[in-house]
Amino acid sequence: MEPFPWRDAWQQALYGASGFYRRADGPARHFTTSSHHPLGAVFAEGVLALADREHATHVVDVGAGRGELVTALHRLRPGLRLTGVDVVERPPGLPADVAWLVSPGGTDLPDALRNLDDVLVVAHEWLDVVPCTVAEVGPDGALRTVLVDPATGAESLGDPLDGADLAWCTRHAASDALEAGERVEVGRERDLAWAGLLGRIRSGTALAVDYGHTRSTRPPYGTLVGYRDGTTVPPVPDGSCDVTAHVAVDSLEQDERLTQREALLGLGLAATAPPIALARTDPPAYLAGLARASAVTALTARDGLGDFHWVLRRIAAPVPTGRAPGAAH
Ligand SMILES: C[S@@+](CC[C@H](N)C(=O)[O-])C[C@H]1O[C@@H](n2cnc3c(N)ncnc32)[C@H](O)[C@@H]1O
């Protein structure tokens, strides 16, 4: 088959008519995230604490999978306005008062998602599946687009990178100093996707949670990988597996960035074991307390989920224009 730039092959593989994310089985069948069982209920506590801190009255989950996070939030606070957004139709079993929007996928968002007020928008592991250009320094020293055969995953080098992608690499990846064979997963498409999401918010906070790197920690040979049935597989963009690459979190528009460990501990989650006496008086409560403590430990673990990045961007309500009644000339 003819090779395509990674970004195009990846978009087709995940969001094309028979793309990986359109399959009935859903992401949780293939990999586990913080929003899945057994961590999801405790992770939702952290999200809810953030929503309260940011005075949000509506939580929108972009890249909502099969509604795991919005369902957990609904369980914790049944009256809270909730909306899930993903590329599939409304999942069966979603609580009736949780809204659902179908999205095109990748960088694009549904038209109906706009003018959001007093909102917390959560994009949990969304940006890592927004397809981006992959570039590699060729033997001639030029940074070139990497092409891929969708059927086999075999790669070849295409034209030299130019335009906005090259400008991104110069600014964010020290691309002038890269050696032959080194790669850049160009973050521009994720920056645009994130900016597009911010543009849907009139007032509120956006939170991206993802694995990623910053300018001084970009992996020199890239991070592209596939996931299927709970294991990593070669990233062949044929629709049979997830294809993901870490996010350049420092190039996203932001007000604050911290690790998930800092974020959740700062929001009041603690891995405190229940008192042993509870085991005698209320064994189910004791076991639930132990499970909760071990979930907090997993969500905040070093070299694990605790190293995920939380990127926050706050958007203030627009100040009404026009002169206030009685204002001086
Ligand atoms: C890695 S999964 C994460 C699912 C869930 N947030 C979690 O953490 O378990 C990425 C999800 O993002 C969804 N997605 C990708 N692009 C999207 C878009 N533009 N709008 C809404 N959902 C999108 C995919 O369909 C997929 O369900």
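The centres of domain 1 and domain 2, taken over C-alpha atoms, are separated by 31 Å in this predicted model. Domain 1 comprises residues 32–131, 187–210, 254–270 and 290–315, whereas domain 2 covers 134–177, the bounds being those of an automatic or database domain assignment. Residues are numbered from 1 along each chain as its sequence is written. Because the model is predicted, local features are reported only at pLDDT of at least 70 and side-chain atom pairs only at pLDDT 80 or more, while totals for chains, interfaces and linings use all residues.

The ligand is surrounded by 22 residues, of which Tyr21, Thr33, Gly63, Gly65 and Ser103 are the closest; a residue is assigned to this shell if its C-beta atom, placed from the backbone, lies within 6 Å of the ligand. By type, the shell is made up of nine nonpolar, nine polar and four charged residues, where Ala, Val, Leu, Ile, Met, Phe, Trp, Tyr, Cys and Pro count as nonpolar, Asp, Glu, Lys and Arg as charged, and the others, Gly among them, as polar.

Helices (H or I, at least four residues) and strands (E, at least two) are DSSP runs, numbered from the N terminus. In helix H4, which spans residues 163–172, Asp165, Trp168 and Cys169 are buried, a residue being called buried if 20 or more other C-beta atoms lie within 10 Å of its own, exposed if 12 or fewer, and partly exposed in between, with C-beta atoms placed from the backbone. Viewed down the axis of H4, these buried residues fall within an arc of 95° and therefore line one face of the helix, the arc being that of the directions from the helix axis to the C-beta atoms. An α-helix has 3.6 residues a turn, so residues three or four places apart point the same way. The cover over the buried residues of H4 includes strands E6 (134–137), E7 (143–148) and E9 (183–185), together with helix H5 (188–198), contact being defined by C-beta atoms, placed from the backbone, that lie within 7 Å. Ala174, which follows H4, has a positive phi, near 45°.

For helix H8 (residues 283–299), the 17 residues should span 24 Å at 1.5 Å a residue, and the end C-alpha atoms are 24 Å apart, which agrees; the expected span is 1.5 Å times one less than the number of residues. Arg292, Ala295, Val296 and Leu299 are the buried residues of H8, and because they fall within an arc of 100° when seen down the helix axis, they line one face of H8. Helices H2 (40–53) and H6 (260–266) are among the elements that cover them.

Thr71, located in helix H3 (residues 68–76), is buried, since 22 other C-beta atoms lie within 10 Å. Leaving aside residues up to four places away in sequence, Thr71 touches Leu94 and Pro95. Thr71 and Gly84, 13 residues apart in sequence, are 9.3 Å apart in space from C-alpha to C-alpha.

Several backbone features occur in loops. The peptide bond from His37 to Pro38 is cis, with omega near 10°, and Pro38 lies in the loop between helix H1 (6–15) and H2. Glu125, in the loop between strand E5 (119–124) and E6, has a positive phi, near 55°, and is buried, with 20 other C-beta atoms within 10 Å. Asp229 likewise has a positive phi, near 50°, and lies in the loop between strands E12 (225–228) and E13 (231–233), but Asp229 is exposed, with 10 other C-beta atoms within 10 Å.

Methods
Two residues are in contact if their C-beta atoms, placed from the backbone, lie within 7 Å.
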